[in-house]
Amino acid sequence: MNTFKIGGVHPHDNKQYSAHQPITECPLPKKAIIPLVQHIGAPAQAVVEKGQQVKVGELLAKAGGFVSANIHSPYSGTITKIDTTIDAWGMKMPAIFMDVEGDEWLPEIDRTPDVIRECRLEPKEIIDKVAAAGIVGLGGACFPTQVKLLPPPGKKAEVLIVNGVECEPYLTCDHQLMLEHGEELMIGIQILMRALSIDRAIIGIEKNKPDAIARMRELALKTIGVEVKPLKLKYPQGGEKQLIDACIGRQVPSGALPIEVGAVVDNVATIYAVYEAVQKNKPLISRVMTVTGASVARPGNYSVRFGTPLSEVIDLAGGIPEDTGKIIGGGPMMGRAMNNIDMPTNKRVSGLLFLPESESRRVEPENCIRCAKCVTACPMGLEPYLLSKQAQLQMWDEMEQHDVMDCIDCGCCLFTCPSHRPLLDYIRMGKAQVGGIIRARQAAKK
Amino acid sequence: MKLILISLLVLGLTGLAAALLLYLIAQKFRVEEDPRIDQVQEVLPGANCGGCGFAGCRALAEACVKADTLDGLLCPVGGAPTMEKVGAILGLAAVAADPKVAVVRCNGTCEARPRTSEYNGVRSCRIQHNLYVGETACPFGCLGCGDCVAACQFGALSMDPQTGLPVVDEEKCTACGKCVKACPRNIIELRKKGPKGRRMVVLCVNKDKGAIARKACLSACIGCGKCQKECNFEAITVDSNLAYIDPEKCRLCRKCEAACPTGAIHSVNFPARKPAEPAAEAKPAQEAKPAQDVKPADTAQTQEAQA
């Protein structure tokens, strides 16, 4: 069985709480707030006005640049205002406020449960449909998908890698999606292969999901060019560069995109969204998210439309457990503790994790004992102990020389450190600084 | 005996030859340098804080020696006396500059700003700022981890455990500006010390609309503009819901302090007000007093009504 070669750690996967819970629809809220920033890149520009009536699937905001994404209305109702709201970390973000009235969909959206297999569209048409539907990478980074489907001149995609790894502990939404919507996924994969004009796709799944591996294998037998690759358990296998290494044994060079080695990586949730957009004309207006934690009353996988306040999803899962010390948006490794549970759900939130008070405290850091465990664990081959010290001493140039921009924020260094040093905190801060310096330099060049 | 003599002789001659070689090389590659640079550096404080805008004291000394006038060259640590000494060495007139002091523009004390979360990460304002809004709901205010205290080379800053805010020791502060750069939220400003150290400042940098700012912090500037109306010298401007007092125009009448409904404007180093004041001045003072004591909700409502 394959895995990536450098670094990695083995956190307990804790998926037992919400695994195999069927995907449940979250009821519609009365009032919804739809953020205009749900992706990496420029914020979307609102195209609706106050007082306007919209139906489900109508365009609310169009992409604000090449790297940006359209946002569609997940509800039918009236736009009450376009203002700012508070995000999960207390900062302001632009958003559209809506009163939800009924559930009226645009007529062209196919809401039947039938699986539509046939796709005769040209690659260009598929890419246009994906772009119009506002699809972004639902694995966490929220990078607009159509940008990935348009390789830069001179580069050619050779293989589509499907990310069904879900290496984050606790999260089970992708797992459940593979079990319940495997057939649609296969069609989505074929659509993307058509869009990229390639004939090979590999689905990478970690071996802690044997039923998903079996199901996808069974479907792959009937599909030409698709192969299922069971992978050894290791975090962060779901990282783009790690997954490429694990699946096809190629290493993406520092600072380059996966297309450099001929690979395009997409998450299973993204591919399901592509299927719905291309075959059913349904834009990206909802996603499956996991609500989990040791003491959550009804942990599970919930399909939520964007803009539903997180508090309503929490109520559906049985409310906030009493012993909660920290609520994390996403998984425990890469997710961030949240400050505001009234925040609306969006394309980014893949899970909600309730950690009990006893597990949410940081351990007091001690001196570095030079064990180099962090160096061994870093999947990008960096030296976390050095980078964190440089960040502490504000040595930004040196950090850049030591490739801090390659850091993927996976948190392996912090996880493995026996002295509990806050390595990632410092590196992330340094990365933000160095990123700012690099952007300023590029702007000056122009 | 002979052996000792020979070894001494050999070593001595080798040393002499090496010294000669070094001397000749030093003569050949000598760098001509203005001797006044050393003299100027001698009178500078030698803290190498960079407050002057140069890389260190040596760099400032070089700049002073090269310059035709001392205009714009100032050692904030040594201040006027040091610059006079520098001027005396170079035969230039020292340009007088107003002494400045660092001012922490946040008065969101623990009572005024209720905590909404608990920060458990690294004690660093910069990291906390990159991560989220902070322990209170104010996205502009002091984070209280003391990056500025750590940056100060002169021990002029300390955290007040009562308020959770940094306090500037005006005696020790040299206005070098290190803390200004260290603060990720740009709260600290170098302001003119003012006559007898007296000055008026808006101790808030919150640019949110009044209602939001007030919700996050009881003593936030809500941009109501009352101080602006009260000011007779056009010293106060209100920009994006935040008042700013121009120290050049301010005449220290203290009317704005009394007018401020949230107590965001502070007067510093003034003697305590006399209990019995002349009738003409008593009126605004009495009006203002209850406003400061009123419960937050009431004031916020009146503010909204007025807006």
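This is a predicted model: local features need pLDDT of at least 70, side-chain atom pairs count only at pLDDT 80 or more; totals for chains, interfaces and linings use all residues.

Two residues are in contact if their C-beta atoms, placed from the backbone, lie within 7 Å.

Select Pro123(A), which is found in helix H1 of chain A, spanning residues 123-132. Leaving aside neighbours within four places in sequence, Pro123(A) is in contact with Arg194(A), Ala195(A) and Ser197(A). Because 16 C-beta neighbours lie inside 10 Å, Pro123(A) counts as partly exposed.

Turn next to the open sheet of three strands in chain A, whose order is S3-S5-S6 and whose pairing is antiparallel. Strand S3 (45-46) and strand S6 (71-72) of chain A are the edge strands, each pairing on one side only. Strand S5 (residues 59-62) of chain A pairs with S6(A) over two bridges, and the bridge partner of Leu59(A) in S6(A) is His72(A).

Now select Leu160(A), Ile161(A), Ile189(A) and Val274(A), the residues with the most contacts inside the largest nonpolar core, which has 129 residues. Apart from that core lies another, of 70 residues, including Leu44(B), Cys52(B), Val77(B) and Cys256(B).

Finish where the chains meet: 13 residues of chain B are in contact with 12 residues of chain A. On the side of chain B that touches chain A, the residues divide into seven nonpolar, five polar and one charged.

Notes:
Residues are numbered from 1 along each chain as its sequence is written. Chains are lettered from A and ligands numbered from 1 in the order in which they are written. Ala, Val, Leu, Ile, Met, Phe, Trp, Tyr, Cys and Pro count as nonpolar, Asp, Glu, Lys and Arg as charged, and the others, Gly among them, as polar. A nonpolar core is a set of buried Ala, Val, Leu, Ile, Met, Phe, Trp, Tyr and Cys residues joined through C-beta atoms within 7 Å. A residue is buried if 20 or more other C-beta atoms lie within 10 Å of its own, exposed if 12 or fewer, and partly exposed in between; C-beta atoms are placed from the backbone. Two strands pair if DSSP finds at least two bridges between them. Helices (H or I, at least four residues) and strands (E, at least two) are DSSP runs, numbered from the N terminus.
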